[in-house]
Amino acid sequence: MIDPQWWPLGLAALAVLAGAVSVRTTGMGFALLSSPFLVMALGPFEGILVTNVCGIVAALLNLIVIHRDLDWRRAAKVVPAGIVGTVPGALLVLWLPAPVLAITISLLVIAGLLFTIVSRSLQVPNSFWVGAGGGFASGLMTVTAGVGGPGLVVYALATQWEHRSFAATAQLHFAVLGVAALLTKGALPTLPVTGWALLLGMLVVGLIGGNALARRVHGARAMQWVIVIAMAGATLSLIQGLVQL
């Protein structure tokens, strides 16, 4: 008979596997797919910490494979702005009721996604301030809602950012924000060595499997999945806020 104590770790491993497949295939979605199950398996605090650490590792490993597509000019706009966005995000969490904040930001992101989808022919110039706005929104939402992808996707859609370049640059962005989140919490997960070995092993397997899928999903189709994941993340954050009211 399987030791009951292994069931939570098994659930966590499957969550990491799903998140790794998503991030390698589309460039995002690790936290969205894995964090609910990691929290269920390991508890709210430990689960989010494990999500942060595994998300950083997944982004960096993915970046090693696709680093040639990284757009350093766009990264110079979105990454620093994302770090700046975590500061007011942390303050807003302290000052405003978390449910109200999550609902407000989620509605703004959903509205932005819907607007950019409907007006795909309307291209916004890729200026410094547009890129900084996208990065800032991503950092703000990372702290307040736990999902930083939707803010970056709105910027990508509005400026018609090519998917390969978006996916590579997003890895650097998410890795930096993940480190910032860990520094803000001032804590690390307390999993045993065997637990880390299992999770990191499943993460690598997921990235390899996602790599095979990525070869079959290109360009516009991949960006469609990015939009779906971003909308799901914003909707999940909205529902959580409504439930907590």
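**Entry 1**

I started at the end of H7, which is followed by Gln160, a residue with a positive phi near 50 degrees. I'm working from a predicted model here. Gln160 is not a glycine, yet its phi is positive.

Next I looked up where Gln160 sits. I found Gln160 in the loop between helix H7 (149-158) and helix H8 (163-185).

**Entry 2: H7 itself**

I stepped back into the helix before that loop. How many of the residues of H7 are buried? I got 10 of the 10, so H7 is largely enclosed by the rest of the structure.

**Entry 3: the whole chain**

Time to zoom out. I counted 10 helices and zero strands in the protein chain. Reading along the sequence, I noted the pattern α-α-α-α-α-α-α-α-α-α. The radius of gyration is 17 Å, close to the 18 Å that the globule rule gives for 245 residues, so the chain is as compact as a globular protein of that length. For the C-alpha trace, I wrote down a span of about 60 × 45 × 30 Å along the principal axes.

I also checked how the chain packs. Buried residues make up 50% of the 245 residues. Of the contacts between residues at least 6 apart in sequence, 83% join residues at least 24 apart.

**Entry 4: surface and charge**

The accessible surface comes to about 12,000 Å². Carbon and sulfur atoms account for 74% of that surface. For charges, I have 11 positive and 5 negative side chains, with the centres of the two sets 12 Å apart.

**Entry 5: what the record says**

Residues 47-66 are 100% helix and 0% strand, and their end C-alpha atoms are 28 Å apart. Residues 225-243 are also 100% helix and 0% strand, with 27 Å between the end C-alpha atoms.

**Entry 6: Thr26**

Thr26 lies in helix H1 (residues 6-26). It is buried, with a relative accessible area of 5%, because anything under 20% counts as buried. What does Thr26 touch, not counting residues up to four places away in sequence? My list for Thr26 reads His163, Phe166, Ala167, Trp225, Val226 and Ile229.

**Entry 7: Leu199**

Last stop: Leu199, in helix H9 (residues 193-214). At 0% relative accessibility, Leu199 counts as buried. Which residues is Leu199 in contact with, leaving aside its neighbours within four places in sequence? I noted Leu9, Ala12, Ala13, Val16, Val50 and Leu191. I looked at Val50 again: Val50 and Leu199 are 149 residues apart along the chain, while 9.4 Å separates their C-alpha atoms.

Conventions: Residues numbered from 1 in each chain as written. Predicted model: local features only at pLDDT ≥ 70, side-chain atom pairs only at ≥ 80, totals over all residues. Heavy atoms only, no water. Helix = DSSP H or I, 4+ residues; strand = E, 2+ residues; numbered from the N terminus. Rg over C-alpha atoms; globule rule 2.2 N^0.38 Å. Buried < 20%, exposed > 50% of the residue type's maximum accessible area, 1.4 Å probe, protein only. Contact = heavy atoms within 4.5 Å. Areas by Shrake-Rupley, 256 points an atom, 1.4 Å probe, with all protein chains shown as cover. Lys, Arg positive; Asp, Glu negative; His and termini not counted. Charge placed at Lys NZ, Arg CZ, Asp CG, Glu CD.
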